[in-house]
Each structure stands twice: as C-alpha cells, then as structure tokens.
Amino acid sequence: MIRDDMRKPTREGVLAAAASIAELLAPTPLLPVEIGGVRCHVKAESLQPIGAFKIRGGWWRLSNLDEAEKKPGVVAVSSGNHAQGVAWAARRLGIAATIVMPRNAPQVKLEATRALGAEIVLYDRPGQDRDEVAAGIISETGATLVHAFADAWVIEGQGSAGVEIAAQLGRAPSRLVACCGGGGLSAGLALACPDSAIHVVEPQGWDMVGRALEAGEVVRVGANPPTTICDALQPDATGPIVLSVLHGRAEPGVTVTDEEVRAAQRFAFARLNLVVEPGGAAALAAALAGKVPVDEDTVIMVTGGNTDAASFAETLRG
C-alpha cells in the first residue's frame with residue numbers, strides 16, 4: 001500500500017510547509033557539538049511537542065486535506081512517532097485519526113498516541129501485514145491514508161526542518177546527516193537544501209533506502225531480517241516517490257549497529273543534555289563512529305526522544 005501519488009514534492013512546497021509550521025511551532029534548537037575535534041551542529045528535533053520531527057509532516061499533510069477528505073478522517077501506520085504527529089495534527093484540526101500500530105511498539109509511544117485522542121488498531125509484528133490492516137479500515141470508512149514517508153505533503157513537511165536549519169546557521173549546511181526509516185525526512189531535506197550533501201543512516205540489516213539508492217529501484221527487506229533497537233527505522237521498503245527525490249542526490253547510505261546507537265544515546269545525554277530514543281540517535285551514531293565526514297557546517301539530525309525511563313536508564317548504565 002505504498003503509494004506514489006501523481007503530485008510530487010517540490011522545494012516550493014517545502015517552503016510553504018515551513019511557513020505554515022512556523023506559525024505553530026517554535027524552531028527546535030541547533031546545538032553546537034564537537035566530534036573528533038571538529039565543531040559541528042545537532043538539530044534537536046527530539047524537543048518537538050510530540051518528541052519527534054514527525055509533527056512536521058503530520059501537520060502539513062492534514063492541513064492540506066479538503067473538507068470532503070477531512071470528514072471520514074485519516075489512517076496512518078506507525079510504530080509511534082508518525083502516529084503521534086498525525087494524532088497531534090488531527091486533534092488540532094478536529095479530524096478523526098486511526099493509527100495502525102504494532103502490538104510490540106514501545107508502551108510510551110502507544111500511551112502518548114492514545115493521549116492525543118487517536119484510535120489505535122493493533123497488529124502483530126511479525127505475523128500480520130500492517131498495510132493490509134490499514135487498507136481494510138480505509139475500505140470500510142473512506143478515510144485518507146497519511147503515509148509515513150511515501151506522500152508528497154509529508155515529505156515537504158519534514159523538509160521544513162532544513163529551512164529552519166539554514167536560517168539558524170545563516171547559510172546552507174555543507175551536509176545533513178539524517179536518521180532514515182523510509183526516507184521521507186532525507187527527501188525533504190534534499191529539497192529544502194539543494195546544495196547540501198545528504199547522508200542517510202539506517203540500522204544494520206534495515207538499509208532499504210541505501211540499497212535502493214545503490215540499485216536505482218525499490219528494494220524490500222529480506223526474510224528474517226536482524227533485530228534492531230531502532231523501532232522507528234524499520235519499514236520494509238522505501239517508496240518510489242522518495243527514491244525519485246533522493247536518486248542522484250544522496251550520498252551512499254551507511255548503517256549503524258545497536259551498540260553504536262547506544263553510544264550515541266549516551267553521548268547526547270552527557271554532552272547535550274538530550275534524551276534520545278534509539279532511532280533518533282542513528283545519525284549521531286554514524287558521525288561518532290566516523291562513518292560520515294563532519295565539518296563546521298555539518299548538521300546532524302537527532303530525530304526523536306520517545307523512549308521509556310527503564311530502557312534509557314539501562315542504556316546509560318552501558
């Protein structure tokens with residue numbers, strides 16, 4: 001059920017999304033940090049009201065629905081951060097939202113999505129096809145699918161972070177290092193900052209965007225993929241709409257291990273006073289491990305902070 005809609009995301013759409021979002025949300029901080037003796041920057045999207053950058057795409061998509069589309073509501077599929085972004089926007093706009101979430105999603109994300117007023121439909125991961133579950137709901141209700149990354153408006157909304165970064169930095173960043181699940185954020189950043197290098201960072205064994213960029217076509221995850229602590233970065237494939245933006249634009253993808261991610265979480269807490277979830281720390285992990293270059297105009301995206309106290313405390317203990 002990954003869609004490649006007729007409408008394509010554009011830089012003009014990113015700029016419009018940024019203007020809309022600026023009326024609602026304060027810019028997230030751009031924090032200086034030293035990595036390997038080089039001073040660069042971290043964009044703290046973990047400090048958004050829902051704890052993740054997904055609020056951007058959720059708002060821009062839902063605010064562009066027409067009245068006929070709003071009436072039956074929206075459906076999204078998410079392990080938690082996109083769920084909250086859609087639920088937050090839906091509540092503000094008075095739209096019913098149903099979110100298809102894995103039964104084993106972090107409890108903190110399930111509870112936060114419910115608290116925002118969305119209806120949650122649980123599915124078994126692995127075992128059930130989440131897209132089939134969502135398709136069934138859409139068939140019954142006529143609701144609009146708000147895809148987490150394969151949607152022009154969602155991509156544009158995520159790209160608004162790049163517009164903020166350029167304004168805060170006072171110039172275009174030399175490179176943007178982004179945590180990557182389906183690639184919506186990376187695609188949006190590529191549109192927002194056309195002269196910046198884009199580095200996509202994915203969990204080891206879940207590098208569907210990196211493999212797609214190399215192959216020039218969508219690649220699906222194989223059977224029995226490895227486990228990862230990055231629950232937010234586990235789509236089984238990117239979408240054609242994302243690949244069409246990133247192909248020829250993004251640098252070769254890199255992957256990070258669970259241990260590199262945990263080290264990045266500890267670094268963010270100790271050096272930046274940030275609580276970062278595993279998926280939100282992947283880009284920082286790649287920079288700390290020397291897998292992507294950094295210079296004084298490099299910006300590393302810290303994309304989410306929705307983790308529970310017990311697992312975060314365990315990570316800090318090392």
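This is a predicted model: local features need pLDDT of at least 70, side-chain atom pairs count only at pLDDT 80 or more; totals for chains, interfaces and linings use all residues.
When the lining of the largest pocket is divided by class, 13 of its residues are nonpolar, 8 are polar and 6 are charged.

The second largest pocket has a volume of about 310 Å³, and 17 residues line it, with Ile 229, Pro 278, Thr 307, Ser 311 and Thr 315 lying nearest its centre. Two elements, the helices α11 (258-272) and α13 (309-317), are those that give two or more residues to the lining of this second largest pocket. By class, the lining of the second largest pocket holds 4 nonpolar, 6 polar and 7 charged residues.

In general, rolling a probe the size of a water molecule over the atoms shows where empty space is left. A search of the whole structure for cavities of 30 Å³ or more finds 1, and the largest cavity contains about 360 Å³ of space. This cavity is lined by 30 residues, of which Lys 54, Gly 181, Gly 182, Ala 232 and Leu 233 are the closest to its centre. The elements that contribute two or more residues to the lining of the largest cavity are α4 (81-93) and α8 (184-192). The residues around the largest cavity divide into 11 nonpolar, 14 polar and 5 charged.

The chain as a whole comprises 13 helices and 10 strands. Its radius of gyration is 18 Å, close to the 20 Å that the globule rule gives for 318 residues, so the chain is as compact as a globular protein of that length. Taken along the principal axes, the box filled by the C-alpha atoms of the chain is roughly 55 × 40 × 40 Å. Of the 318 residues, 57% count as buried, while the chain exposes about 12400 Å², of which carbon and sulfur atoms supply 50%. Among the contacts in the chain with a separation of 6 or more, 71% are accounted for by residues 24 or more positions apart.

Leaving aside neighbours within four places in sequence, Ser 78 is in contact with Ala 83, Ile 99, Val 100, Met 101 and Pro 102. The C-alpha atoms of Ser 78 and Val 100, which are 22 residues apart along the chain, are separated by 6.3 Å.

Gln 204, by comparison, is located in the loop between β8 (197-203) and α9 (208-215). Its relative accessibility is 45%, a value between the 20% and 50% cut-offs, and Gln 204 therefore counts as partly exposed. When residues up to four places away in sequence are not counted, Gln 204 touches Pro 226, Thr 255, Val 256 and Thr 257. Between the C-alpha atoms of Gln 204 and Cys 230, which are 26 residues apart along the chain, the separation is 9.8 Å.

Backbone geometry was examined at two asparagines. Most residues other than glycine have a negative phi. Asn 224, however, although a residue other than glycine, has a positive phi near 50°. Asn 224 is placed in the loop between α9 and α10 (240-246), and its relative accessible area of 75%, being over 50%, makes it exposed. A positive phi, of about 55°, is also found at Asn 273, which is not a glycine. The position of Asn 273 is in the loop between α11 and α12 (282-288), and, because its relative accessible area of 68% is over 50%, Asn 273 is likewise exposed.

Note on methods: Residues are numbered from 1 along each chain as its sequence is written. Side-chain values use heavy atoms; hydrogens and water are left out. Ala, Val, Leu, Ile, Met, Phe, Trp, Tyr, Cys and Pro count as nonpolar, Asp, Glu, Lys and Arg as charged, and the others, Gly among them, as polar. On a 1 Å grid over the protein atoms alone, a cavity is a set of points where a 1.4 Å probe fits but cannot get out, and a pocket is an open set with protein on both sides within 12 Å along at least five of seven lines; lining residues have an atom within 4 Å of a point. Grid points are joined across faces, edges and corners, and a volume is the space filled by probe spheres set on the points. Helices (H or I, at least four residues) and strands (E, at least two) are DSSP runs, numbered from the N terminus. The radius of gyration is taken over C-alpha atoms; the globule rule is 2.2 Å times the number of residues to the power 0.38. Buried means under 20% relative accessible area, exposed over 50%, partly exposed in between (1.4 Å probe, protein chains only). Contact means heavy atoms within 4.5 Å. Accessible areas come from the Shrake-Rupley method with a 1.4 Å probe; for residues, only the protein chains shown count as cover.
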